Amino acid sequence: MNPINDMHARIQAEAARLFQPEYGHFIEGQWVQGETGRTIDLLNPATGRVLSRVQAGSAGDVERAVEAAARAFPKWSAKPPGERQRIFLEIAHRLRKRLDDYAMMETLNNGKPISEARRFDLPGTIARFELFAGAAFGLHGKTIDYPDAIGLVHREPYGVVAQVIPWNVPLLMLSGKIAPALIAGNTVVLKPAETVCLSVLEFFREMSDVLPPGVVNIVTGYGPDIGPHLIQHPLVMKVALTGSVQTARQVIGYTAKNIIPATLELGGKSANIVFPDADLDAAVEGAALVTIFNKGEVCLAGSRLFLHRDIQDEFLARLGKVLGRIRIGDPTDPTTQLGPQASEPQFRKVLSYLDIGRAEGAIPFCGGSRARVLGLEDGNYVEPTVFTKVDNRMRIAQEEIFGPVVCAIPFTDEEEVIRLANESVYGLAGGIWTRNLRTAHHVARSLQTGTVWINRYYNMKYNLPFGGYKQSGIGIESCLEMLDNYTRLKTVVMNLNEGPLGLFA
Ligand code: NAD
């Protein structure tokens, strides 16, 4: 047998096993066709082949979904916390039981290496359901006592919330959005990304007997066809978006119609800073991980690598060696370390930034081109790339590329690197590598960014607040404080005095 034919046959067989040929919208517990009959092909980015089709949603589909969510709200919000908790634990249990299947779904549709999906996406998804299951009994109001009154502060769900998610970590995004919203008693209309959403749809196929009808409704399709109708719907009380700054601007515009709150998790161009006293083995490994993890399609990526001038040459030589050995290939192979970009537009975007970088005068120290993978010539592969001769003001250092592309920028001292790191419209994450405690804390406190990792990039811990400064977003996620996003406070004042005030005696 020809190994390339074998590989394609195996990939096709996995897709046929895990996906339906076509999906409807998921509304009120049913799979329904879109009103226009238009569909979107979803592709495997490693092979370019069609995996399945989803509905291209429109205004009428949104209407049905929002009405279903509104109908489900009174019963869902009145459910005892223990019942909601049991539903979440059952979801977590089912995800854990089929972890390999869900990981494969992410890999087939998104292109992420299966080893990452198994080690990162699925455990993170399960953890979010378990975290918020634990919050079911912790949601309560408070009382404030006065000599002549009692103030009761109730915490109430909003009602129907709209949630819009991207394509880079679909199941993580799904869990990060619906778990806090549902545990707080809201019902949801969720719009996943039009290019990668098969794992999300399969999730609801499996969980439809656990979640009561209408509690979560899914409308698939293009953002501009769905967003305005969904977010401006009079029954939608809140919106949460994870996506790009451009989309966030549009979403903020829609929220103006009915004056509803928005939480926004947006892009980044984070600084990964290596001081000369750092453990270079660990820092090189960290920088290599940042370059290739999820093909660089990570909002948190430390895509500006600030290297102290004293160690710059040695660091780059070592990083180049590691990146030169990265195994690029079939993402369903457990030994693959770098898969294809998730979609053709994203692939073109990354390649265009490789040209922009060169035109700006930067030089690829390693990589710099499309990668060719034997047997997967139609895949969206890009070589892991480190640009040198980068000025922090260049477009490649300021704009989010969302690919395996890192800009190395030299610095001389702490104050210079703090200034450069903060010269960005974004502020989502950052990394610091040093053995000096004072430097670590001083720099961490000086960075205008939501998360800082010291001596280990992507050191993900559950239940730590995660959110952006500046144009990286508004509001925090991934932690119990997030329940504040999904509840509002009602004050009731109980008068303890008898009789009238005597104002008009
Ligand atoms: P995107 O903004 O193009 O799309 C995100 C989602 O918004 C998709 O579902 C899309 O269909 C939808 N959308 C697009 N236009 C819309 C509109 N007018 N109204 C309503 N919805 C609309 O972003 P993307 O390319 O899918 O995702 C990548 C971006 O997401 C990057 O900027 C990345 O940094 C960011 N991201 C942020 C986080 C975070 O937590 N901060 C996590 C992952 C990704």
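Surface patches are made of residues with over 30% relative accessible area and no salt bridge, nonpolar side chains being joined within 5 Å. In this predicted model, Leu501, Leu503 and Phe504 make a nonpolar surface patch of about 480 Å². Phe504 lies in the segment that follows strand 24 (487–495). Its relative accessibility is 80%, so Phe504 counts as exposed.

The side chains of Glu156 and Lys490 meet at 3.1 Å, N to O. Glu156 belongs to strand 6 (residues 149–157) and Lys490 to strand 24, so the pair ties together parts that are 334 residues apart in sequence. Both partners count as partly exposed, Glu156 at 28% relative accessibility and Lys490 at 38%.

In total, the structure holds 27 salt bridges. Side chains of opposite charge can pair when their charged atoms come close. A further pair is Arg318 with Asp281, whose closest N and O atoms are 2.1 Å apart. This pair links distant parts of the chain, with Arg318 in helix 11 (residues 312–324) and Asp281 in helix 10 (residues 280–292), 37 residues apart. Arg318 is partly exposed, with a relative accessible area of 27%, whereas Asp281 is exposed, at 54%.

Asp61 has a relative accessible area of 0% and is buried; Arg64, at 34%, is partly exposed.

Helix packing was examined for two pairs. For helix 3 (residues 81–97) and helix 5 (residues 114–134), the axes come within 9 Å and the crossing angle is roughly 165 degrees. Because angles over 145 degrees count as roughly antiparallel, helix 3 and helix 5 are assigned to that class. Helix 3 passes helix 5 in a left-handed crossing.

Met460 is placed in the loop between strand 19 (453–454) and strand 20 (466–467). With a relative accessible area of 33%, Met460 is partly exposed. Met460 and Glu194 are 266 residues apart along the chain, and their C-alpha atoms are separated by 27 Å.

Key:
Residues are numbered from 1 along each chain as its sequence is written. This is a predicted model: local features need pLDDT of at least 70, side-chain atom pairs count only at pLDDT 80 or more; totals for chains, interfaces and linings use all residues. Side-chain values use heavy atoms; hydrogens and water are left out. Patches are made of residues with over 30% relative accessible area and no salt bridge: like charges are joined within 9 Å, nonpolar side chains (Val, Leu, Ile, Met, Phe, Trp, Tyr) within 5 Å. Accessible areas come from the Shrake-Rupley method with a 1.4 Å probe; for residues, only the protein chains shown count as cover. A salt bridge is a side-chain nitrogen of Lys or Arg within 4 Å of a carboxyl oxygen of Asp or Glu. Helices (H or I, at least four residues) and strands (E, at least two) are DSSP runs, numbered from the N terminus. Buried means under 20% relative accessible area, exposed over 50%, partly exposed in between (1.4 Å probe, protein chains only). Axes are lines fitted to C-alpha atoms, for helices over the stretch in contact, and angles run from 0 to 180 degrees between N-to-C directions. Angles under 35 degrees count as roughly parallel, over 145 as roughly antiparallel, 65 to 115 as roughly perpendicular and the rest as oblique. A crossing is left-handed if the near helix is turned anticlockwise from the far one by less than a right angle, and right-handed if clockwise.
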